[in-house]
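Try each task before you read its solution.

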Amino acid sequence: MKLYTHEWGTGDRVALLVHGIMSDHRTWRRVGPALADKGYRVIGVDLRGHGASGRGEYGAEIFADDLVDTLPTGAELAVGHSLGGVALSLAVERLAPARAVYSDPAWALGGEGTVDPALFVEFRRIPRDVLAKFNPRWEAADLDVEMATLAVWDPDTALSISGADAVDRTPAAPVVPSLVQVADPSTVVSDALKEELARRGFEVRTVRGAGHTIHRDDFDAFMGSLDGWV
């Protein structure tokens, strides 16, 4: 499927941004312009079932195939958050970016202590004030974006990676030089997994005090943790 894309900047270098579940390209409202200011042409996608992209069958591998069908190969940088990190890792060999950043990636689904993605279905109708309580560090604009993206999100995307499909997709090794950003605490990347990822050759950086959507909890710390990668 050809996905909807949004671009920031006109630089000579290309950066790709892949959002997490329940979201779309609008989650990158600050990251896109910040990378554009660094000389990138930034391409943000809406995964299928999200934003302005089409609906259809869902699954981690399907999300990855869509990225390959939509995005250019050989980008300078590719960033994937949560589900976007899963999709990016499954597509990274074919997309062949120079560098990849996985922001609190939801690789280890189905393990002890992880959340069943099916629970996210209930978030579609979450009141704005409750959303704010869950995310006290978000700016008002981020709350507005999340409410708008939830309104057009297909909850079946969550069911597609739930139950028997909630499996561990942690990469055996980085295909390209790769950074893993980890929230503090993280609900998807355990301390043991951090150690294992480092052993497998990933660079791992923890963003102290930031929740799962690091780029919205602490934008400055998110960008700071990309030092040397952008």
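This is a predicted model: local features need pLDDT of at least 70, side-chain atom pairs count only at pLDDT 80 or more; totals for chains, interfaces and linings use all residues.

Residues are numbered from 1 along each chain as its sequence is written, and side-chain values use heavy atoms, with hydrogens and water left out.

**Exercise 1.** Work out why strand S2 (residues 13-18) is largely enclosed.

*Solution.* Start with the terms: strands (E, at least two residues) and helices (H or I, at least four) are DSSP runs, numbered from the N terminus. Buried means under 20% relative accessible area, with a 1.4 Å probe and protein chains only. Now count: five of the six residues of S2 are buried, so the rest of the structure largely encloses this strand.

**Exercise 2.** Find the strands that pair with S2.

*Solution.* Two strands pair if DSSP finds at least two bridges between them. First, S2 runs parallel to S3 (residues 40-45), joined by six bridges; here Val18 sits opposite Val45. Next, S4 (residues 77-81) pairs with S2 over four bridges, also in the parallel sense, and Leu16 has Ala78 as its bridge partner there.

**Exercise 3.** Describe S3's cover and its pairing with S1 (residues 5-8).

*Solution.* Cover comes first: S3 has five of its six residues buried. Then the pairing: S1 and S3 are antiparallel, with four bridges, and His6 partners Gly44 in S3.

Key:
Buried means under 20% relative accessible area, exposed over 50%, partly exposed in between (1.4 Å probe, protein chains only).
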